[in-house]
Amino acid sequence: MEERYDPEQITYAHLAIINLRDGRIAAGARLSTRSIAKDDRVWYEPYAVCSLYYGPGDIRNASTRQAIPVIIRDILRTVRPGTRLLSVKGNVPQFMKSASIGQEASIWTQVYVNVAYKPGIDRSIPELMKLANAAIERGCSVTTNQKPIIKGN
């Protein structure tokens, strides 16, 4: 039986992951609420962003598959109070194994996690790659509850 959630109980996370293959992984995420306008257009209103960095040794084998649940766990720390469903759309093909990733990520919280592969999300929301690249440059993670203005490269 599928449970229905109120719109204020759902957080949408758009996510881009970069794996540098030298043991460093970075991710840029935008957390949003969603509303539907009178003309049936969908609007995502960002309320937080995450610029996440994982150095050598932070994630076993530095594999993207093993990094995804860790990244989602860090995103879950930023979601609004009252969130019962986190819907994550990511840019890497490892998100196609969504059932196991969602179950693995849901272990840490009472929030149900739904994940999906969204090819090209990093091109449609360029801010995601800017957040991931900024994490690589800084060498640490930063999360904010306000959507920052990121200057172009």
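Leaving aside neighbours within four places in sequence, Ile 75 is in contact with Ala 13, Leu 15, Ala 29, Leu 31, Cys 50, Leu 52 and Leu 86, where contact means heavy atoms within 4.5 Å. The model is predicted, so local features need pLDDT of at least 70 and side-chain atom pairs count only at pLDDT 80 or more, while totals for chains, interfaces and linings use all residues. Residues are numbered from 1 along each chain as its sequence is written, and side-chain values use heavy atoms, with hydrogens and water left out.

Ile 75 lies in helix α1. Helices (H or I, at least four residues) and strands (E, at least two) are DSSP runs, numbered from the N terminus. With a relative accessibility of 0%, Ile 75 counts as buried; buried means under 20% relative accessible area, exposed over 50%, and partly exposed in between, with a 1.4 Å probe and protein chains only.

In soluble globular proteins, nonpolar side chains tend to be buried together.

How do these elements follow one another in the chain? The protein chain has 4 helices and 6 strands, and along the sequence they follow the pattern β-β-β-α-β-α-β-α-α-β. Of the 153 residues in the protein chain, 46% are buried. Among contacts between residues at least 6 apart in sequence, 67% join residues at least 24 apart. The chain exposes about 8800 Å², of which carbon and sulfur atoms supply 49%; these accessible areas come from the Shrake-Rupley method with a 1.4 Å probe, and for residues only the protein chains shown count as cover.

Next come the strands. β2 and β3 pair in the antiparallel sense over 12 bridges; two strands pair if DSSP finds at least two bridges between them. Ala 27 has Leu 52 in β3 as its bridge partner. The two strands form a hairpin with 5 residues between them. Asp 40, in the loop between β2 and β3, has a positive phi of about 70 degrees although it is not a glycine. At 63% relative accessibility, Asp 40 counts as exposed. Arg 21 sits in the loop between β1 and β2, and this non-glycine residue has a positive phi of about 65 degrees. Arg 21 counts as exposed, at 68% relative accessibility. Most residues other than glycine have a negative phi, and most peptide bonds are trans.

β3 also pairs with strand β6 (residues 142–144), in the antiparallel sense over 3 bridges. Here Cys 50 stands opposite Thr 143 in β6. Cys 50, at 0% relative accessibility, counts as buried, whereas Cys 140 is partly exposed, with a relative accessible area of 37%. The count of disulfides is 0, a disulfide being a pair of cysteine sulfur atoms within 2.5 Å.

How many aromatic pairs are there? The count comes to 1. The rings of Tyr 12 and Tyr 44 have centres 5.5 Å apart and planes at 75 degrees, so the pair is edge-to-face. Rings of Phe, Tyr and Trp (its six-membered ring) pair if their centres lie within 6.5 Å; planes under 30 degrees apart count as stacked, over 60 as edge-to-face and the rest as tilted. Because Tyr 12 lies in strand β1 and Tyr 44 in strand β3, the pair ties together parts that are 32 residues apart in sequence. Tyr 12 counts as buried at 11% relative accessibility, while Tyr 44 is partly exposed, with a relative accessible area of 26%.

Both tyrosines touch Ser 32, a residue of strand β2. Not counting residues up to four places away in sequence, Ser 32 touches Ile 10, Thr 11, Tyr 12, His 14, Tyr 44, Glu 45, Pro 46 and Tyr 47. Ser 32 counts as buried, at 0% relative accessibility.
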